[in-house]
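Subject: Structure for your review

Dear colleague,

Please find the structure below, together with its sequence. My notes on what was found in it follow.

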Amino acid sequence: ALARDRALQTSHEQMRELRERFETLTPREREVFQLVVAGKLNKQIAAELNMAERTVKAHRAQVMAKMRATSLADLVHIDDRMRM
């Protein structure tokens, strides 16, 4: 029971940390985040948000840094965990 409680506390702490990181994103970075984890290419995101592809790349880099994701798979995993 104690180990389970510790694991639950750790899980809650990790979720709080992920949400805090997400809160640091600007509204535009959040839009890019959602489209990236949905599997859209930079070119598709640029067209959808009416911006240059270079700007999308900059926002995407900021999202990766702020969320401390090391890869696209890591970013998708973070998104899945936050949706739980």
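Helices here are DSSP runs of H or I with at least four residues, numbered from the N terminus. The model is a predicted one.

α2 covers residues 27–37, and after it comes Gly39, with a positive phi near 95 degrees. The buried residues of α2 are Glu29, Val32, Phe33, Leu35, Val36 and Val37.

Val36, a residue of helix α2, deserves a separate remark. Its relative accessibility is 3%, and buried means under 20%, so Val36 counts as buried. When neighbours within four places in sequence are set aside, Val36 is in contact with Ile45, Arg60, Leu72 and Leu75.

Two C-alpha distances may be of use to you. Val36 and Glu23 are separated by 13 residues in sequence and by 17 Å in space. Val76 and Val37 are separated by 39 residues in sequence and by 5.3 Å in space. Val76 belongs to helix α5 and is partly exposed, at a relative accessible area of 27%. Val37, for its part, is among the buried residues of α2.

Asn42 lies in helix α3. This residue also counts as buried, because its relative accessibility is 15% and the limit for buried is under 20%. Apart from neighbours within four places in sequence, the contacts of Asn42 are Glu53, Val56, Lys57 and Arg60.

Most residues other than glycine have a negative phi. Which value does phi take at Asn50? It is near 55 degrees, a positive value in a residue that is not glycine. Is Asn50 buried or exposed? With a relative accessible area of 71%, Asn50 is exposed.

Arg68 is another residue other than glycine with a positive phi, in this case about 55 degrees. The relative accessible area of Arg68 is 55%, and the cut-off for exposed is over 50%, so Arg68 is classed as exposed.

Yours sincerely

How values were computed: Residues are numbered from 1 along each chain as its sequence is written. This is a predicted model: local features need pLDDT of at least 70, side-chain atom pairs count only at pLDDT 80 or more; totals for chains, interfaces and linings use all residues. Side-chain values use heavy atoms; hydrogens and water are left out. Buried means under 20% relative accessible area, exposed over 50%, partly exposed in between (1.4 Å probe, protein chains only). Helices (H or I, at least four residues) and strands (E, at least two) are DSSP runs, numbered from the N terminus. Contact means heavy atoms within 4.5 Å.
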